[in-house]
Amino acid sequence: MLWNKIRNARQSLQEMGVYGLLMVLQKGMGLMMLPVTTRYLSLHEYGLLESLVVVFSLCSLLEISAGALPRFYPECKTAAAKSNLISSSLLLSLTYGLSLAVLAAVSLAMLPFDLFSALHFWQFAGVAAVIAFSIALQPLMMWLRIERRADCYFYLVVCQCLTQVGLTLWGLQQGWATDAVIVASVAANAVGLSLGIWFCRQQLKLKLDWALAKLTMSYQRCLIGASLALFVMHGLDRLLLAEWLGAETLAQYAIMIKVVEATAMAFGVLESWWLPRRFAVLQQANGQAEVALTHQRLMLVIMLLLLSAALFAPLLIKQVLPVAYLGGIDWLPLMLLALGFKLATAVTDIGCYLPNSPVWLPRINIASALLAVVLYYSLIPTWGVWGLIVASNIVFALRFVLFTTISLVLQPLRYRVSTLLSAFVPPLSVLPALAWLNHSMWLHILPALALLWLLVWAVWIIKPSHDVPNAALGTVANQ
């Protein structure tokens, strides 16, 4: 028993190390290339590129099968059942991805946004190819993570990232501007898809199980509905900024988004390890207690990352970027606060994913999206980017409360609520304060003090609870 626990812990640590390195490659390379790309691209070109990134992000939210794999994988008890699941998911994603790619390219050409009017046919074709390849790749990458094949996942992501970075740098040096990034993205996703198929080839077969496909789409349609609504909160906002305030303002905002994404990337190391296996852990003996403890530890990590970014990111940005890109540093603390609500929601919403038709996902996200649109049109014309950031905090905070509350109704978990509030509320209040301090010395002192506060409370957050017996936890969960 003890040896199995040690072996599992060692494997988990190895996987987190691999995912951490890969997360740096996937997200960190883009951040490390900022000093290069910002010197080759004008503010307008960078704003156009950021708008295309928004389109790619939207389409990735609309994927048709990868999100359902962690939910149905624990029910596959034989090798044949697993093969059937991944094969059906891949074929479904291939056909759906091609259709979505064509629809996205045509829609971009017809959108009434001036920003896209300068794109020519081959750029639209490149955007469509990126979408088709990336949608088909997602179930394969999820499958490798679920099956804990970290070595194959490592090779796939490394080759994909090296292709993206190498071609981007070469294309920029050739004077291709935004075309360099588009061409590199097409090639990188084609390489990733080819490797994904190769690594999963022994389990893949050219057969689509329609019953399983229908079950997958029934589950996934709720995720897609939720994703469409979620796009309003981190996609449509950037398009509206570009249209109302210009591509230059979007470029400055996008730089801060990169910092926020770097923080999310650091947490993604743990998230990519935990999310694919959380349902399996929940089904184990004492699974509810294990999930609750893991959630508390993950939320502590989120808080540490937010405050670390608030302390160190402004210092680093000023050292590596041109002055023209530094106009948004004052926005960063409140953007990090909104990120905190978003990441915490992804931790505590497990109960909403358990039903075969997770209807609460689209319901809450649609309600949040409607509120976001109202706030965008009310606040952005008056307050500019500050209005967008305030709106984001209101919406993401509300989502966190709703998802956590409903998730605990569907799957009760015993959190140490008083400990979490005592540990997290004071540091959270630091982030809004930083937004109004401008260039005061307190910009560095307050985040440092908040980090010390969290480290003191960490002992009570991460240790297993002994005050409630495991049997009692099961009783609570079944009530």
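Is Phe 121 buried or exposed, and what is its relative accessibility? Phe 121 counts as exposed because its relative accessibility is 59%; the class "exposed" means over 50% relative accessible area, "buried" means under 20%, and "partly exposed" lies in between, with a 1.4 Å probe and protein chains only.

## Basis of the report

This is a predicted model, in which local features need pLDDT of at least 70 and side-chain atom pairs count only at pLDDT 80 or more, while totals for chains, interfaces and linings use all residues. Residues are numbered from 1 along each chain as its sequence is written, and side-chain values use heavy atoms, with hydrogens and water left out.

## The chain as a whole

The protein chain has 19 helices and zero strands. Both are DSSP runs numbered from the N terminus: helices are H or I runs of at least four residues, and strands are E runs of at least two. Of the 479 residues in the protein chain, 53% are buried.

The protein chain exposes about 21300 Å², and carbon and sulfur atoms supply 68% of this area. Accessible areas come from the Shrake-Rupley method with a 1.4 Å probe, and for residues only the protein chains shown count as cover. Contact means heavy atoms within 4.5 Å. Among contacts between residues at least 6 apart in sequence, 85% join residues at least 24 apart.

## Aromatic pairs

A pair of aromatic rings is described by the distance of the centres and the angle of the planes. Here the rings of Phe, Tyr and Trp (its six-membered ring) pair if their centres lie within 6.5 Å; planes under 30 degrees apart count as stacked, over 60 as edge-to-face and the rest as tilted. The structure holds seven aromatic pairs. In one of them, Phe 121 and Trp 122, the ring centres are 5.2 Å apart and the planes stand at 75 degrees, so the pair is edge-to-face. Trp 122 is exposed, because its relative accessible area is 66%.

Trp 453 and Trp 457 form a tilted pair, with 6.2 Å from centre to centre and 40 degrees between the planes. Because they are four residues apart in helix H18, Trp 453 and Trp 457 are separated by about one helical turn. Trp 453 is partly exposed at a relative accessible area of 37%, and Trp 457 is partly exposed at 24%. Trp 453, Trp 457 and Trp 460 form one aromatic cluster.

## A nonpolar patch

Helix H18 covers residues 442–462 and includes Leu 452. Leu 452 counts as exposed, with 53% relative accessibility. Together with Trp 442, Ile 445, Leu 449 and Leu 455, Leu 452 makes a nonpolar surface patch of about 480 Å². Patches are made of residues with over 30% relative accessible area and no salt bridge; like charges are joined within 9 Å, and nonpolar side chains (Val, Leu, Ile, Met, Phe, Trp, Tyr) within 5 Å.

## The salt bridge

Side chains of opposite charge can pair when their charged atoms come close. A salt bridge is a side-chain nitrogen of Lys or Arg within 4 Å of a carboxyl oxygen of Asp or Glu. By this rule the structure has one salt bridge. Arg 278 forms a salt bridge with Asp 349, and their closest N and O atoms are 3.4 Å apart. Arg 278 lies in helix H12, whereas Asp 349 lies in the loop between helix H14 (332–348) and helix H15 (360–383), so the pair ties together parts that are 71 residues apart in sequence. Arg 278 is buried at 5% relative accessibility, and Asp 349 is buried with a relative accessible area of 5%.

## Buried residues and their neighbours

Val 281 is in helix H12 (residues 278–282) and counts as buried at 5% relative accessibility. Leaving out residues up to four places away in sequence, Val 281 touches Trp 274, Gly 287, Glu 290 and Val 291.

His 295 lies in helix H13 (residues 287–320) and is buried at 0% relative accessibility. With residues up to four places away in sequence not counted, His 295 touches Trp 274, Val 347, Thr 348, Ile 350, Leu 413 and Tyr 415.
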